[in-house]
Structure formats: structure tokens, C-alpha cells
Amino acid sequence: IVNTIAKLAKTCTLRLTVSRLYFILSDKAANGGISMWCELCQGNFFDEFQMEGVAAEHNEIYLELVPENLSRALKTAQNAKAVKIKLTNKHCPCLRVAVELPSLSSSSRIVTHDIPVGVIPRRLWNDFREPSVPDFDVSIYLPVLKTMKSVVERMKNLSNSLVIEANLSGEMNLKIETDLVSVTTHFKDLGNPPWASEDGCQSSAQDRDLESMAEARIDIKKLQQLLAGQQVNPTKALCS
Amino acid sequence: MPLSTQPPASGEPYVLSASLDNARHLSSLLKAVHFQDHATCFATANGLRVTVEDAKCIQANAFIQAEIFQEFAVQEESVTFRINLSVLLDCLTIFGTSSLPGTSTALRMCYCGYGHPLVLFLEEGGVVTVCKINTQEPEELLDFDFCSTKVVNKIILQSEGLREAFAELDMTSEVLQITMSPDKPYFRLSTFGNAGSAHLDYPRDSDLMEAFHCNQTQTNRYKISLLKPSTKALALSCKVSIRTDSQGFLSLQYMIRNEDGQICFVEYYCCPDEDITEAEL
């Protein structure tokens, strides 16, 4: 997960609560960019998890860090016996990653990485709220990412922007059109995820004609960057 | 997996239509002649010829016979159009270039004639991509007039013998000099670069030599930058025939065996470098 984030942006925000870790990226670029909200349950990753926030009623910590540093530190941990991550404040706040590596002799080696982090003051915490899922017209499961990656990479050679269109019958198309060429790739049988109806938004989705396509035009380079960075193998990836 | 033959909505019949189970049979050959953005395609009942030219001195032709295709139909005597080869190759390889065993991209190619785009249908793993590539007026192609009767010297070599030599050609040399002779040094490749001159000799009784028919000693120089793209064809081929005529024109013919064992040919024609006259040699 950290590798995927490292490919997307130079810095990101790490938010820690009692039960969860959040990696947050908000690309505030004016001409559209990638923003990301990643929520992880600490129980899935850590055997031991202790934290104490700023104050009892705001039991959270917000840190700014360079994901590439964390990714490199975690690389040494690939064959580790144990990994401990601590937030320390010696000369400056750091995430200390201590990796216990197996070694031939009876005593094991410990490699420590100190990753400098910035502590984000409470007054800025509101900048990092969970984004609400925008009202969408169509939500669809993505096809095999490998195929989508190859196609988008080739399309990048041919055009600057591409149109994604999808409908509620599990069909998705990627289209480019230039003076020289027009290319459309058709994906079928993708399946549409069911969304729990909250305030009647389910019914509006059902009113929609199953065959009609909703479309969006996006910058291919950004899409390709997003796809290329995917290191995690998702069981399902959604696009809305 | 055959793609359905659907005539275009306008009702006009296709002038050229072809189907190929494995698009790589076509894309790998086209890559071997891809040294310019544009190519001229010439289709007859015999098959498809794709020609790329540069600087009026070099011409490369890729021949894909009708038999290579699962289906190949040409409604007129011949169909010719000019097309952007880089775009065509990007479309043919839309599902990626890595050849995983067992997966291949199926291709259907259709052309309605003058003024219409070339339409490609590519399918892999249930995903279909449709490409419409605009075509242009075909341009006059050079006619090298290289006929077998005027050939002075001819050698057929196994490609593996030449591959390393061509890969290591001294690119600081402006020319590649080719000497062919019934006497020593029989077949010599020479370069004259910043570090000095290099000569590579192939004896006539070498294992790599399949045929040796040299009648006259000839030494010709060719601009190395023009010949460099031919290494792509050399890399794919199993055999190469090298021929020169009385004017020093060079013909390189590469025999290429594809994944299914079928044979195709790629040819390069090159003019001798006129800056150097015989008197200086």
C-alpha cells in the first residue's frame, strides 16, 4: 500500500486514531489531480497498537510524511522477523522503524530507520476530512487492471485525453479521438456494484436506463500514473 | 476467435478485408521496417506489402503473403494507401507487447477504399478494441529496379553470424563499406570511425555461408545511419541474402519465420553513398 502511495505523490498525510490508520492525499492542483483516501484497520496489520493523541477528546495524531521514505524502510522488512514502528521526538519528530532481521548467529540484527515527519497542528485537521463520494450516475467494477494498463499506455501515445464511459449493464468503454485516429476499447460483463440506498438515491439509480452511458473526459497521463502505481492486487476495484 | 464480418453501415463493400488470429504475425514484421512514421500499403490477392522510405536512398518492404492470414480478400486488382505506421503499430499492440504463452490478439482489418479510414478490430480475452486510422494519398515510391538478372554478387548467410557484427557496428563511422569478391577477403564489412577502422571478414567456406556467388570484386559504401534500422529485420530473421548490382545498389533480403513457423520476407534496398567515388578508394 505504501508503495502505491509513494508512486502517486511526494508527500502525504498519515492520520492515526485508536483503531485506524488513514493515508490521505489531497492534490489541490487547479487542473485536476489525484486525491486519495485510504482507511486501514490497524488490527489487520499490527499485533500491538498503542497511541495517545493530543488530548482525550481528540485522540488522534496527524503527521505529514514522504511515503517514499517509509516505502524504502519497509523494503528492508521483507524478510524480517518483526517490525516495530514508533513515533519519537528526539531532535525532531520521527517515525522510527526498527526491523529485526534474521541472522546466522544467535543474536539477531536490528536495522533502524528514522523517518522525519511533520506534526500537523490541530487547527489544520479540518483540511483532512473524509471526502464524500460524489453523486454518481454510474458505478462499475473495473476490468482486469493489467489489460486496462496496457490499453491506456498505448492510448497515451496517441492522444492527450481519453473518455471513459460506462453504463449499468456492466459495459465500459475507453475512447480516444484525434485527427489521425480514433480508438475505442470495449469491456463487457464487468458487473455494477450495488450501493446501499441512503436517502432514496437508490431509486434514482434504478430509474436510469440500463444501456445509456455516462461519460467523463480525463487526462491520459494522470490516469496512466494512477494505474501504473497500483501495487496492491485488489479483489475489486470500483469506478464511479 | 473469428470476429464477425459486418459490412459498414453505409452499405459500401470492403475493398480489402483480412483476418489474422495472431496480430503479432503482422506487428513484428512491421516493426522491422518501422524507421519512419509513414508507410505505403499495397494489397493484392497475393498479400500485403508495406513500404517505408527515407531520403530517397533507402527503401524497406515487408511482405505478408495472403496465406499467413486466416482470411484475405481484395476486391480490386490492387489497393494502395498511405498510413501512419507508428499509429498502426500502437493499435496493433494495444493489448501490450509482451507475448504471454497462450494469449494472442486476434485482428480483423477492413478498408472501404479511397478516402476511408483503415478499420481494425482487435480482440484479446473478450475485450474488443476498434481503431479507425485515417489514410492518405499514396506517394510515388522509388523503383530501385533491382532485378535478379543484373545481380553481380550474391551471398546468403545465416543471420546469427551477422547479428553480433551489426549490433556492434561503430556508429561513429559515417559509412558501412561492404566488399564482396571471388577472391580474398570474400566478404568484408568495414567501418571508419573515430577510434580507427574496423574490418570484419567472413571466409567463403565458413559454416554460416549458405551460398556464395561472387563474380566480381566490388567495394561499396553505404550511409550507416540508413542501414542501422535493418538490424531490426536481422534480429527477427534466420537467413539473409546480400546482393549488389553493377551500380553498387544493395539488396538485403531477410527470411523471417514467425511463431507458427510460417515464412515472410523483409527487404531493404540501399543506394551507395555517392560522396565517395571509386577514384578515392
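A:T185 lies in strand β12 of chain A, and the model in which it is found is a predicted one. With a relative accessibility of 0%, A:T185 counts as buried, because the cut-off for that word is anything under 20%. Leaving out residues up to four places away in sequence, A:T185 touches A:V151, A:M155, A:M172, A:N173 and A:L174 from its own chain, and B:V127, B:V128 and B:T129 from chain B. With one of these residues, B:T129, the side chain of A:T185 forms a polar contact of 2.8 Å.

The strand that holds A:T185 also takes part in a pairing between the chains, for β12, residues 181–187 of chain A, runs antiparallel to β9(B) over 6 bridges. Within this arrangement, A:T184 stands opposite B:V130, a residue of β9(B).

From this pairing one can turn to the contact as a whole, to which chain A gives 17 residues and chain B gives 18 residues. Together the two chains bury about 1500 Å², and 57% of that area is on carbon and sulfur atoms. On the side of chain B, the residues that lose the most area to chain A are B:D90, B:I94 and B:V127, which together account for 31% of what that side buries. What kinds of polar link does the interface hold? Across it there are 8 residue pairs in polar contact, both residues of each pair being at pLDDT 80 or more, whereas the count of salt bridges between chain B and chain A is 0.

The elements of chain B that each give two or more residues to the side touching chain A are α2, residues 85–92, and β9, residues 127–133.

One more residue of chain B may be followed, namely B:S27, which is found in helix α1, residues 24–31 of that chain. B:S27 is buried, because its relative accessible area of 3% falls under the 20% cut-off. Apart from its neighbours within four places in sequence, B:S27 is in contact with B:L89, B:L92 and B:T93. Although B:S27 and B:D90 are 63 residues apart in sequence, their C-alpha atoms are 9.3 Å apart in space, and B:D90 is one of the residues named above as losing the most area to chain A.

Terms used:
Residues numbered from 1 in each chain as written. Chains lettered and ligands numbered in written order. Predicted model: local features only at pLDDT ≥ 70, side-chain atom pairs only at ≥ 80, totals over all residues. Heavy atoms only, no water. Contact = heavy atoms within 4.5 Å. Buried area = accessible area lost by both parts, 1.4 Å probe. Salt bridge = Lys/Arg side-chain N within 4 Å of Asp/Glu carboxyl O. Polar contact = N/O pair within 3.5 Å; in protein donor to acceptor, adjacent residues only side chain to side chain. Helix = DSSP H or I, 4+ residues; strand = E, 2+ residues; numbered from the N terminus. Pairing = 2+ DSSP bridges. Buried < 20%, exposed > 50% of the residue type's maximum accessible area, 1.4 Å probe, protein only.
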